[in-house]
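Work through the exercises below with the sequence and the model open. Each task is followed by a solution in steps.

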Amino acid sequence: MTTPEKVLEPWQWPEGRWRAIVNRVRAGKTYRPKAWKDDARCAVALSFDSDHETSELRDGGKSIGRLCWGQYGNRVGMPRILKLLERYDVRASFYVPAVTALLHPEEQRRVVAEGHEIGIHGWIHELNSILPYQAERDLMLRSADELERIAGVRPLGMRTPSWDFSQHTLGIAREMGLLYDSSLMADEDCYELLLDGEPTGVTELPVEWVRDDAVYFMMNRFQSLRPYTPPQDVLDIFRRELDAAYEEGGVFQLTLHPHIIGYRSRIWIVEEIIRHAQSRRNVWFATHAEVVQWATKHAA
Ligand SMILES: [Zn+2]
């Protein structure tokens with residue numbers, strides 16, 4: 001027997017029902033500091049999602065070709081990125097599925113040794129937002145433990161592989177005592193995450209699809225998906241985001257992927273962004289965790 005609620009169409013829902021859905025996870029207080037560290041006008045938070053082979057494994061795929069594309073991320077993309085960050089003395093955040101860390105433990109140790117942050121990015125890059133509660137909780141806990149065991153540092157934050165939450169994700173993050181998430185997009189500043197209207201103590205450092213390299217460069221040979229934006233136009237979009245964040249005294253957050261941005265014809269975009277930001281005196285490059293810690297502590 002179906003419940004009366006189930007047979008109702010969305011346009012028939014009582015107000016309480018759609019309000020409860022919208023209210024489940026919501027943006028609370030905004031955290032924009034009067035100034036960033038060392039009186040900086042703008043914070044720049046670069047991030048890299050080290051998906052590597054898990055892009056193929058997540059859906060049960062065994063394609064050797066797609067797995068070697070993932071391995072390129074480890075063999076070529078990551079060394080190129082780390083070298084670039086070192087040359088400009090920039091620290092960044094890397095979100096790493098536990099399976100990536102198990103496949104490439106030396107990569108994670110190098111990331112940490114060079115002063116970067118490592119955050120949770122699922123177990124095998126699973127679509128966390130459709131998992132049953134127990135499975136999602138188990139994978140989040142195990143992912144944090146595995147990253148800590150391999151990299152030697154307990155992760156302070158997470159980026160969900162789905163860039164989405166299930167009904168339970170935020171509750172699990174609160175239970176784990178995570179400082180922050182970086183998967184949602186209700187603002188351009190850091191903000192407090194509310195669960196059913198209640199503060200959770202977990203802060204959001206928002207991402208956006210416009211500041212994600214995958215949106216512009218992904219391709220699938222068997223589907224019509226192709227890169228449709230020239231690299232110089234991608235730089236133009238990122239630079240406008242950065243310039244506006246600078247003008248507003250906000251944070252410029254960027255998401256990149258070693259197996260997407262690591263190519264010879266694309267990596268220069270990251271270099272140009274760093275050079276452009278460093279050409280202004282008062283810009284603070286920081287990890288996501290540092291940005292969140294500063295923003296929550298010094299919010300205006
Ligand atoms: Zn990812």
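Predicted model: local features only at pLDDT ≥ 70, side-chain atom pairs only at ≥ 80, totals over all residues.

## Exercise 1: the zinc site

Task: List the protein donors of the zinc ion, and explain why their arrangement is irregular.

Solution. 
1. Asp51 supplies two OD atoms, while His121 and His125 each supply NE2.
2. These donors lie 2.0 to 2.6 Å from the zinc ion.
3. In sequence, the donor residues follow the spacing D-x69-H-x3-H.
4. For four tetrahedral donors the ideal angle at a metal is 109.5 degrees.
5. To count as tetrahedral, four donors need all angles between 85 and 135 degrees.
6. The four donor atoms here subtend angles of 53 to 137°, and the arrangement is therefore irregular.

Solution. 
1. Histidine 121 has a relative accessible area of 1%, so it is buried.
2. Histidine 125, at 6%, is buried as well.

## Exercise 2: strand 7 and its partners

Task: Which strands pair with strand 7, and in what sense?

Solution. 
1. Strand 7 spans residues 190-195, and six of its six residues are buried.
2. Strand 1 (residues 25-31) pairs with strand 7 in the antiparallel sense, over five bridges. In this pairing alanine 27 stands opposite leucine 193.
3. Strand 8 (residues 198-204) pairs with strand 7 in the antiparallel sense too, over four bridges. Here glutamate 192 has threonine 203 as its bridge partner.
4. The hairpin of strand 7 and strand 8 has two residues between the strands, and aspartate 196 takes a positive phi near 50° in that hairpin.

## Exercise 3: strand 9

Task: Explain why strand 9 is described as largely enclosed by the rest of the structure.

Solution. 
1. Strand 9 covers residues 251-256, and six of its six residues are buried, which is why it is described as largely enclosed.
2. Side chains of a regular strand alternate between the two faces of the sheet.
3. On one side of strand 9 are Val251, Gln253 and Thr255, on the other Phe252, Leu254 and Leu256, and all are buried, which leaves both faces covered.
4. Strand 2 runs parallel to strand 9 and is joined to it by six bridges. Leucine 46 stands opposite leucine 254 in this pairing.

## Exercise 4: positive phi in two loops

Task: Aspartate 38 and histidine 52 have positive phi values without being glycine. Which loops hold aspartate 38 and histidine 52, and is each buried or exposed?

Solution. 
1. Aspartate 38 has a phi of about 55° and lies in the loop between strand 1 and strand 2.
2. With 68% relative accessibility, aspartate 38 is exposed.
3. Histidine 52 has a phi near 45° and lies in the loop between strand 2 and helix 3.
4. Histidine 52 has a relative accessible area of 1%, so it is buried.

## Exercise 5: the whole chain

Task: Check the radius of gyration against the value for a compact globule.

Solution. 
1. A compact globule of 300 residues would have a radius of gyration near 19 Å.
2. The protein has 20 Å, which agrees.
3. Buried residues account for 48% of the 300.

Technical notes:
Residues numbered from 1 in each chain as written. Heavy atoms only, no water. Donors = N, O, S within 2.8 Å, 3.2 Å for Na, K, Ca; no water. Tetrahedral: all angles 85-135°; square planar, octahedral: opposite > 155°, others 65-115°. Buried < 20%, exposed > 50% of the residue type's maximum accessible area, 1.4 Å probe, protein only. Rg over C-alpha atoms; globule rule 2.2 N^0.38 Å. Pairing = 2+ DSSP bridges.
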